[in-house]
Amino acid sequence: MLNASCAFCHQVLAPSPEAGGKVITSRSGRRGLLWRLRDKQLRLGLFEISPGHELHRLTCMMQAGLWAATQVSMDHPPRGLPTEDDFSEVLTQVHKGFELGTLAGPAFAWLRHTLGLAEEDYQAALGPGGPYLQFLSTSKSSASFFLSHDQRFFLKTQRRREVRALLAHLPRYLQHLQRHPHSLLARLLGVHSLRVARGKKKYFIIMQSVFYPAGLIAERYDIKGCEVSRWVEPAPEGSPLVLVLKDLNFQGKTIDLGPQRSWLLRQMELDTAFLRDLNLLDYSLLMASQHLQEDERGPGGSLIFRTARSVQGVQSLDEPGAQNLRLLPDGPNALHILDGPEQRYFLGLVDLATVYGLRKRLEYLWKALRYPNRAFSTVSPALYARRLCQWVEAHTE
């Protein structure tokens, strides 16, 4: 599987679009915006951030900073459950030309440990060993998206208010993962800030990539359970372009899980209820699929029962039924992989930082006028959770 993944990297990675020419600007602001949107459409996909790329210097700083930050957690490994001080700790390390901040470092180090993730592997994947990959997506977000060179870890820039929300919810997030070790929630592995020279701080998060290993994945989807702005023009047949499709692209299709469907429906209820209680919305269910190999099909193949793989050494007081445990595939990224009779599915809930505050309430009022009788993403957390669960129920069998 690893070799297939590496082959896939060589197929889809394109040279940096910035390395080949200068960005063309327009005198007209509106025309310039349209040009940039068109330019982004032409550059969708996965690109290696090699020398000459506009983000090469920035990602080199991120790599050097993360190497040093991880070394701290290796030198001072977690000795127990995170304390209140661990959640509020901010470690700032000064490097030549920049400084990198690590927020709630001991708490995230503890989570990585419970996931069975060796700090040496984490450091090697995110450090200077290989170039990051830039993912240019169809998302309307202004965030930048990166993958580690092995595509195992996903990095995303965040606004300051989103970081505040993530850190405020971090204790409850860790408690939820303890109660439900096989949760669909994306595993958040670190929150950091980066300041270049005397510039403004930029924030970014690190999480396990839902779509890993990516070598044989056929299609990828970002599902919100609504219809407004939820269509992406598919790539031409045979194109190596990495494209994440949306809700309307999935019309007429189903997720065939067989006996695992009941587990998924229950876990969606548990996870979305948790996000609802945190007053969150606008998260997505990432979904991808690939054909199962002959030796991977059926309970006699690669499935083994692993009740404690995701939270090693942590005993929950809940009964196994309340934890909603399931059979995990024997391989990497098992928490985000669910096997049906014929297909392997990659599933995970991501973008867990949008609070339903005044800004979103006003956006809801505007969209209600703009899109009457149509389903859009900005709704109350209760409706958002219920609607996404209904989508999963309607599209699985």
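Keep in mind that the model is predicted. The chain has 397 residues, and 51% of them are buried. Its secondary structure comes to 11 helices and 15 strands. If you take contacts between residues at least 6 apart in sequence, 73% of them join residues at least 24 apart.

Now the helices. I picked H8, residues 261-277, and H11, residues 381-394; their axes come within 9 Å and cross at roughly 170 degrees. Angles over 145 degrees count as roughly antiparallel, so that is how H8 runs relative to H11. Which residues meet there? On the H8 side they are Arg261, Leu264, Leu265, Met268, Glu269, Thr272 and Arg276, and on the H11 side Pro381, Ala382, Ala385, Leu388, Cys389, Val392 and Glu393. By type, this contact holds 9 nonpolar residues, 1 polar and 4 charged.

Next, the aromatic rings. A pair of rings is described by the distance of the centres and the angle of the planes. The count here is 8 aromatic pairs. One of them joins phenylalanine 145 and phenylalanine 154: the centres are 5.8 Å apart and the planes sit at 40 degrees, so this pair is tilted. Are these two phenylalanines buried or exposed? Both phenylalanine 145 and phenylalanine 154 are buried.

Another pair is tryptophan 366 with tyrosine 371, at 6.4 Å centre to centre and 90 degrees between the planes, which is edge-to-face. Tyrosine 371 has a relative accessibility of 17%, and because the cut-off for buried is under 20%, tyrosine 371 counts as buried. Trp366 and Tyr371 also belong to one aromatic cluster together with Tyr364 and Phe376.

Arginine 326 lies over the face of tryptophan 263, 4.6 Å from the ring centre.

Last, the backbone. The peptide bond from tyrosine 212 to proline 213 is cis, with omega near -5 degrees. Proline 213 is in the loop between strand S8 (202-208) and strand S9 (219-223).

Two residues other than glycine have a positive phi. Serine 229 has phi near 60 degrees; this serine 229 lies in the loop between S9 and strand S10 (244-246) and is partly exposed, at 37% relative accessible area. Asparagine 279 has phi near 65 degrees. The loop holding asparagine 279 runs between H8 and strand S11 (284-291), and asparagine 279 counts as partly exposed at 27% relative accessibility.

Terms used
Residues numbered from 1 in each chain as written. Predicted model: local features only at pLDDT ≥ 70, side-chain atom pairs only at ≥ 80, totals over all residues. Heavy atoms only, no water. Phe/Tyr/Trp six-rings, centres within 6.5 Å; stacked < 30°, edge-to-face > 60°. Buried < 20%, exposed > 50% of the residue type's maximum accessible area, 1.4 Å probe, protein only. Lys NZ or Arg CZ within 6 Å of the ring centre and 35° of its normal. Axes fitted to C-alpha atoms, helices over the stretch in contact; angles between N-to-C directions. Helix = DSSP H or I, 4+ residues; strand = E, 2+ residues; numbered from the N terminus. Parallel < 35°, antiparallel > 145°, perpendicular 65-115°, else oblique. Contact = heavy atoms within 4.5 Å. Nonpolar A, V, L, I, M, F, W, Y, C, P; charged D, E, K, R; others polar.
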